[in-house]
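Work through the exercises below with the model open. Each one has a task and a solution in steps.

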Amino acid sequence: MATRLIPEVLVVDPLDRELEQLLSACGMRATRGSAAELSALAHPSAQPPHVVVVDTRGARALPASMAAVKRQHPATGFLVVAAESDPTVLLEAMRAGATEFLHEPITQAALEQAISRLVAHRAAPADAGEVFAFVGAKGGVGTTTTAVNVATALAKVAPSQTLFADLHMAHGDAALLFGAEPRFSIVDALENTHRFDEAYFNGLVTPTAAGAALLASSDRALVQHAGTQQFRSVVEFAKQFYRYVILDVPRTDAAVLDALDAASRIVVVTNQELSAVRGASRLASTLRERYGRDRVLVIVGRSDKQAEISQADIEKVVASKVKHMLPSDYRLALQALNNGRPLALDNHNKLAAGFRSLAKELAKIDPEPKRSEASGGLFSRLTGRG
Ligand SMILES: Nc1ncnc2c1ncn2[C@@H]1O[C@H](COP(=O)(O)OP(=O)(O)O)[C@@H](O)[C@H]1O
Ligand SMILES: [Mg+2]
């Protein structure tokens with residue numbers, strides 16, 4: 001992880017202590033600063049906080065340096081606080097780069113929501129990491145196994161710079177496959193997005209013997225549903241500190257499926273069963289509409305050369321090439337699970353090689369040559385149009 005530790009919220013020229021107290025009550029770290037301290041942040045080498053709250057109630061005018069700070073550090077969010085809703089101040093605030101505006105009475109809830117939005121929408125820095133999301137066309141096709149092994153392969157390339165986030169709020173399997181015993185989970189992260197700084201986030205993840213850091217699923221029986229914005233905050237934050245972020249996405253959670261804006265590739269995993277292939281087709285087309293065609297990739301986990309449904313059949317149904325057909329190897333997969341040791345750690349088997357080849361393509365380390373096959377016969381049944 002990067003070594004930078006940044007304060008969460010800088011409150012510029014507060015009228016009184018009320019704002020700082022409200023921010024502390026929300027669990028945020030607030031620092032008080034003057035307009036002069038704000039203008040020092042306009043320097044390119046300054047390390048600005050996540051959010052700057054500018055209180056105009058005392059000064060009645062916006063600090064002149066605000067726009068310059070925003071230009072220099074577009075990732076920093078600005079919230080302007082005013083005594084009343086005044087369209088002139090609002091317009092000025094927007095021109096200077098504020099995207100949130102609050103007037104009296106200032107409540108803790110309104111403040112917390114405004115800041116959460118700013119944190120979630122922070123623009124990604126130029127050196128931000130890459131996010132790869134994995135989602136299964138149905139359960140049991142090998143999605144988690146594939147994601148865990150791709151993360152393991154990438155962790156070999158980028159030790160301590162790879163994060164695996166299991167976005168299943170409960171009952172996710174990734175920790176088991178990594179042989180990890182996490183103390184905290186994705187639920188803790190989702191509930192505390194407003195508290196994120198590097199140290200806090202670091203405290204939630206578990207190191208694994210495979211080299212990837214793990215943000216695990218929770219083992220709580222009942223968890224509150226989380227919103228798209230919260231998932232987005234977690235992913236956006238993670239990619240600032242990790243070179244590679246791998247997401248295990250629950251296919252039935254719309255909030256997560258809608259939060260994948262930061263993903264550079266979304267991998268839809270299917271197998272050669274009719275229901276899975278049809279599911280993959282639907283899922284891939286929804287994801288292509290939402291995130292663009294180039295980002296979505298369909299692969300086959302647990303592939304079987306003898307299967308009635310061929311690679312070419314799948315390619316027709318999902319309307320794209322399927323370059324990665326991971327071989328089925330039940331014994332190896334089970335052994336890896338029982339040992340809590342991802343098999344991409346070992347060489348000399350086809351399945352591990354398949355995971356590495358997928359990892360290479362996603363991270364564009366060493367693109368694999370393309371493969372294609374002649375067409376097969378089950379097309380009409382697969383599409384459901386026959
Ligand atoms: N390539 C493979 N060959 C054989 N079995 C596999 C393979 N990949 C996964 N499995 C097995 O399939 C089962 C489901 O895998 P999992 O990764 O949990 O799937 P999903 O996340 O899609 O539900 C597990 O028992 C796992 O060991
Ligand atoms: Mg799974």
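**Exercise 1: the shell around ligand 1**

In this predicted model, two helices each give at least two residues to the shell around ligand 1: α6 (143–157) and α14 (330–339).

Task: State how many residues surround ligand 1 and which element supplies the largest share of the shell.

Solution. 
- Step 1. Count the residues around the ligand: there are 15, and the closest are Gly140, Thr144, Thr145, Arg302 and Asp329.
- Step 2. Assign them to elements: α6 gives the largest share, 3 residues.
- Step 3. Sort the shell by class: 5 residues are nonpolar, 7 polar and 3 charged.

**Exercise 2: polar contacts and burial**

Task: Find polar contacts of ligand 1, taking N or O pairs within 3.5 Å.

Solution. 
- Step 1. Start with the side chain of Thr144, where a polar atom is 2.8 Å from an oxygen atom of ligand 1.
- Step 2. Go on to the backbone of Thr143, which has a polar atom 2.9 Å from a ligand oxygen.
- Step 3. Turn to a nitrogen atom of ligand 1, which lies 2.8 Å from a polar backbone atom of Asp329.
- Step 4. Check the cover: of the 560 Å² that ligand 1 exposes when taken alone, the protein buries 84%.

**Exercise 3: the pocket**

Task: Describe the space that ligand 1 takes up.

Solution. 
- Step 1. Give its volume, about 680 Å³.
- Step 2. List the elements that give two or more residues to its lining: α6, β10 (244–249), β12 (296–303), β13 (325–327), α14 and α15 (350–363).
- Step 3. Class the 35 lining residues: 15 are nonpolar, 13 polar and 7 charged.

Note on methods: Residues numbered from 1 in each chain as written. Chains lettered and ligands numbered in written order. Predicted model: local features only at pLDDT ≥ 70, side-chain atom pairs only at ≥ 80, totals over all residues. Heavy atoms only, no water. Near = heavy atom within 4 Å. Polar contact = N/O pair within 3.5 Å; in protein donor to acceptor, adjacent residues only side chain to side chain. Areas by Shrake-Rupley, 256 points an atom, 1.4 Å probe, with all protein chains shown as cover. 1 Å grid on protein atoms, 1.4 Å probe; cavity = no way out; pocket = protein on both sides within 12 Å on 5 of 7 lines; lining within 4 Å. Sits in = over half its atoms within 2 Å of the grid points. Helix = DSSP H or I, 4+ residues; strand = E, 2+ residues; numbered from the N terminus. Nonpolar A, V, L, I, M, F, W, Y, C, P; charged D, E, K, R; others polar. Points joined across faces, edges and corners; volume = space filled by probe spheres on them.
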